[in-house]
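Me: Hi! Could you walk me through this protein model in plain words?
Reply: Happy to; here it is, and then just ask away.

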Amino acid sequence: MYDILIVDDEYLARKTLIMFWNWAEHNCRIAGEASGAKEAIAFLEHHAVDVVFADISMPEMDGIQLTAYINRHYPETAVIIFSNYSDFHYIKNAFAENAVDYLLKHEINATSMQKVLDSLQDRQKNNARAAALSSLAQEKAYRDSVIAAILGQTPGSFSHAVILALGIPGLTRKLQFYPENEKRIVYDNIDNLIAQIVADVTGFVIFPYNELFILFLPFGKEKPEPEIMQAISKYVREMNYSIYRFFSLKLSFGISGLSSKASSIHACFLEAADMLRNHPSVVNGTVPRPETIHRLSISMERRLLNALSDLSLSGVSKCLEEIFSDSKKSDNSILINELIAIASEFCSEYALSSDSLPAFPGEPTSNPACLIWARDMFQSIIDACLDFGKSNYQDTYIHQVTAYIAEHYSDDSLCLEDIAGHVGINKYYLSRTFKAKTGKSISAFLNDYRIEKARELLKKKEIPLKSCHFRLGFKDYSYFCTQFTKYEGMSPRKYRATHSGL
């Protein structure tokens, strides 16, 4: 879907371009219109637009100057000049400022517009390709800088990170008769396996080094060290299980402390490598058989999250009782970490602190002990959420929602996800809080607001009736008429006739 802004100081020229073509059929939407360059710039400050159709001759700032401004400040927005002038000087300057196309107004038709869309699609593909190449180059540069700093080849400041030196005793012997290319494939597969396990750590790097795997795990400075070590314990357990499953070998590892100004990432690497060489660690106990490992199913995770979102302690307790009712499962270590991850993510979405979550005491082997711990953890979250809901933060959220709707109601794609993203909290919690405070759902409030604006708009004689829905955020004129009639008991045309004297 292309969002389009039309800029022309002539009212009829704007409306002609809007009305002559069925934009929706061609995956386009008129996001707005402006009577001049300054009004267009003000619109762009608050709305993301894919394409700007700009007249070349306008007061204060012409279309070429506007194109240059957009190219400098909004490089991802395409500009198409449409003009009455076929002067070569205009055309040359327009393309010099990276206009996508130059159309003569009297020659605009379905064929020329289709060519414009084809040009836009080609531009979009080229931009996506360039962005992908740029992203790959940035990732490679980052990876190279991390590896160079770890190996001490260049200085590098990577604080609050941990180095794991991972070894698989017996792997070299197992692969001794493999051709070199097949050995490389095995090492690449192990690399990918480990990468999938730590994929939630932003900025991690893994690379082979002298038949070892060196894993760089950076953590945010706000993450406390006990939480970091708990996460690493979970990763190591999962790595050990996966490597045993595929190779019938156990993982050994050396782990560094957190890097800092006093302890460089290279010093951490030496620490981890020394530990692996002289005092290697292994996962405690024998590797459990897959059927004895207790994990959370996708359906149960969904049920638990739904109960938690509803702040239903009874619903959460019922889920937990089912989870820990399987006496055949003897290893709850992965399950415990999964529950902690769910709790932490929920706290993050609801802007609650996860620092006070109860840590699991002792070894996670007893189902009754696990059940008590998990119930206490989720109860503390629900209690905190209910207390939070009673605070004045709710009033702040209501104000932010209404202000955001007042600013963006004309956008027909505006939805709950957009509003919750702006406010910065869970959409379900926001929806429930808004309705509890106002007695209306957010969608009902948005509709009411649009209808109120429609009343104001319909009293202005100079605005064509069939262009009102563009300004109000309704997807088409027919739907606007239906909604307005439902609210007012009369059509927009009759309301205008009644209230404006027409």
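Me: How many helices and strands are there in the chain?
Reply: The chain has 20 helices and 10 strands. Those are DSSP runs numbered from the N terminus, with helices being H or I of at least four residues and strands being E of at least two.

Me: And where does the model come from?
Reply: It is a predicted model, where local features need pLDDT of at least 70 and side-chain atom pairs count only at pLDDT 80 or more, while totals for chains, interfaces and linings use all residues. Residues are numbered from 1 along each chain as its sequence is written, and side-chain values use heavy atoms, with hydrogens and water left out.

Me: What share of the residues in the chain is buried?
Reply: Of the 502 residues, 45% are buried. Buried means under 20% relative accessible area, exposed means over 50%, and partly exposed is in between, using a 1.4 Å probe and protein chains only.

Me: What about contacts between residues 24 or more positions apart?
Reply: They account for 67% of the contacts with a separation of 6 or more. A contact here means heavy atoms within 4.5 Å.

Me: Which residues have the most contacts inside the largest nonpolar core?
Reply: They are Leu 164, Leu 166, Ile 194, Leu 215, Leu 217, Ile 232 and Met 239, in a core of 32 residues. The elements giving two or more residues to this core are strand 6 (161-167), helix 7 (180-197), strand 8 (212-218), helix 8 and strand 9 (252-255). Helix 8 provides the largest share, eight residues. As for the term, a nonpolar core is a set of buried Ala, Val, Leu, Ile, Met, Phe, Trp, Tyr and Cys residues joined through side-chain atoms within 4.5 Å.

Me: Pick Leu 215. What is it in contact with?
Reply: Leaving aside neighbours within four places in sequence, Leu 215 is in contact with Val 162, Ile 163, Leu 164, Leu 166, Ile 194, Val 198, Phe 204, Val 205, Ile 206 and Met 239. Apart from this core lies another, of 29 residues, including Tyr 397, Leu 430, Leu 458 and Cys 481.

Me: Back to helix 8. Is Asn 240 buried or exposed?
Reply: Asn 240 counts as buried because its relative accessibility is 3%. This residue sits in helix 8 (residues 225-247), and its side chain reaches the backbone nitrogen of Leu 251 at 3.0 Å.

Me: Where is Leu 251, then?
Reply: Leu 251 is in the loop between helix 8 and strand 9. With 1% relative accessibility, Leu 251 counts as buried too.

Me: New topic: which side chains make polar contacts with the side chain of Arg 29?
Reply: One is Asp 3, at 2.9 Å, and another is Asp 411, at 3.2 Å. A polar contact is a pair of N or O atoms within 3.5 Å; within protein, one must be able to donate a hydrogen and the other to accept it, and residues adjacent in sequence count only if both atoms are side-chain atoms. Arg 29 belongs to strand 2 (residues 28-34) and is buried, with a relative accessible area of 13%.

Me: What about Glu 301, where does that lie?
Reply: Glu 301 is part of helix 10 (residues 298-309). It is partly exposed, at 32% relative accessibility. Glu 301 and Ile 323 are 22 residues apart in sequence, with 9.9 Å from C-alpha to C-alpha.
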